[in-house]
Amino acid sequence: MKTARLVAVLVIAAIALGSVVGGFLPRFDYARQDRDQIDAGPSSAHWLGTDSLGRDRFARLLHGTRVSLLLAPAAAALSMLLALAVGAASGLAGGFAERSAKATIDLVLSIPWLFLLLMVRALLPLNTSPALSAVVTFTVLGVLGWAAPARILQAHASRLRQSQFMLLGCASGITRGRLLWRQMLPNLRPVLLAQFWISVPIFILAEANLSLLGLGVAEPLPSLGSLLREMETVLSLGGDFCRLAALLVLVAVVSSLQIAVSHKEAY
Amino acid sequence: MVRSISRRCILAALTILAGGFISATLVRYAPGFGSDERQLDARLSSESLAAIRNETADERGIATYYAGYWRRVWHGDLGTSRSLNRPVRELLAERVGVTCRLGGKAMLSAWLAAALLVCASSLGRAPALSLAATVFSGALLCLPAGGLALLSVILNAPGWLALSLILFPKIHRYLSNLSAATNNMAHIITAKAKGLAAWRILFWHVFPVIRREVLALAGVSVGLAISAAIPVEALCGIPGIGQLAWQSALARDLPLLINLSVLVIAGVTLANSGADLLAEAREART
């Protein structure tokens, strides 16, 4: 398992490094059009060919990967913050707060995630700048993805509240805030980290789904999801390398999943 | 049992009411609510623009709108879709059957494939088959639902197959984890040590233990199917509830969206409650 985790970390690190470094090179401009090379195959000028607007596929892949790999963890972090605020706080408080939070979490979980996501994303302004659309998409993911981690955090916080060291802390007169900060949070950290790593690939996939439905990151800014839309023309253009974008999603997500699973197992 | 059924019915009704209200509130308070692309038409007079703006005037107060919605539902009126200009009832009646057939086929095939693979791995004690199934389901888990739908369009495969492939890895993962955990239980290890046949262990000792969890998963998989049906129907051009949800979300059609939310939440809640009740009934009998 350790080897698999190491390989996964190396793969994801290589992809992340390549996308960050490559994305800054002027050679790889994702929006520049080469109008003489529409839907061209791979060449020394365009390593993965060009798309239907003459844009370099490799450059778009680098930028798309960077967008997804930067914003998905940010969305997961936002989601974890919300989950911590709702789940851990109510788990620590217990009683009515815990019951109401649990009912709210169950309610949110009863609405299918993609349906909710689609509904909220579609209702946000669609005529925003590409960069803002990327931020909006991942913020929506972060804001709506808190319920499942909150439920797990709440269960752990509730168990911790009833543990002997917490009871001893209460009996010793330690304040609630200090108990939360010094005792509860360090004990919740492994669960929080595991949930974070589980959320990252989920958010990458969710963004891909939204992009495929035309509600993700706006053109010309690429993301791993928006690059998948080019798959529609795979057969008509025979031997199209844009498939690689989908493959990259697969590798990134598998690696992240591996990391998350091995991390979860470590605790 | 009657008490349990009535408690669950009340809970389900409350969940549907509250879920519908959450959806309506999210839609109403979204920044883009009330904006209509017709307002961008320079040929329209100020009176026409005002009339377009007034079309959503009755939807401004969400509490009154939602209360009015349930009052109308009580009389059998689900309202009229603003974007499609047709009664919502008619639209739902046309499309529910399509989604049910698609979801039914997909769930049946996904459950059959997952159960058969888990049973075969468990009975045959074939690590290669188990590994292959795990790798296959792992690979499918890494693909977005929309990607699988698009692949089915490219390969001319039916939509239900795409939906089935989206559901399969989740069901298979859970079933195989459940089976592995049960196989490590003391009574199963004893049964194996005593030389009981593998099929006998599976059907007489493993299944009764995991029945409740399997029924719960069956309930959950309905929600998964509804969720996954949106990209599948939208991208494969299947005129079902998923496609309608996508169209209504893009058109910001509040009456249609609320009805769809209530329908979807009702489907998920009833499936989960039904699975729980079934498990309780089985336990009460044994």
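The expected span of a helix is 1.5 Å times one less than its number of residues, where helices (H or I, at least four residues) and strands (E, at least two) are DSSP runs numbered from the N terminus. At 1.5 Å a residue, the 37 residues of helix α2 (residues 57-93) of chain A should span 54 Å, and the end C-alpha atoms are 52 Å apart, which agrees. This is a predicted model, in which local features need pLDDT of at least 70 and side-chain atom pairs count only at pLDDT 80 or more, while totals for chains, interfaces and linings use all residues. Residues are numbered from 1 along each chain as its sequence is written, and chains are lettered from A and ligands numbered from 1 in the order in which they are written.

**Helix α2 of chain A**
- α2(A) bends by about 30° at A:Leu84, the bend being the angle between axes fitted to the seven residues ending there and the seven starting there.
- Of the 37 residues of α2(A), 26 are buried, so this helix is largely enclosed by the rest of the structure; a buried residue has 20 or more other C-beta atoms, placed from the backbone, within 10 Å of its own.

**Chain B**
- Chain B has 11 helices and zero strands.
- The C-alpha atoms of chain B fill a box of roughly 85 × 50 × 30 Å along the principal axes.
- Of its 286 residues, 36% count as buried.
- Helix α7 (residues 159-183) of chain B, with 25 residues, reaches 36 Å from its first C-alpha to its last, close to the 36 Å expected.
- α7(B) has a kink of about 30° at B:Leu167, shortly before the proline B:Pro169.

**Contact between the chains**
- Chain A gives 28 residues to the contact and chain B gives 36 residues; two residues are in contact if their C-beta atoms, placed from the backbone, lie within 7 Å.
- On the side of chain A that touches chain B, two or more residues each come from α3 (95-110), α4 (113-123), α8 (176-212) and α10 (243-266) of chain A.
- The largest share of that side, eight residues, comes from α4(A).

**Nonpolar core**
- The largest nonpolar core has 128 residues; such a core is a set of buried Ala, Val, Leu, Ile, Met, Phe, Trp, Tyr and Cys residues joined through C-beta atoms within 7 Å.
- Among the residues with the most contacts inside this core are A:Leu117, A:Phe203 and B:Leu167.
- Leaving aside neighbours within four places in sequence, A:Phe203 is in contact with residues including A:Ala72, A:Phe138 and A:Gly145.

Conventions:
Buried ≥ 20, exposed ≤ 12 C-beta atoms within 10 Å, placed from the backbone.
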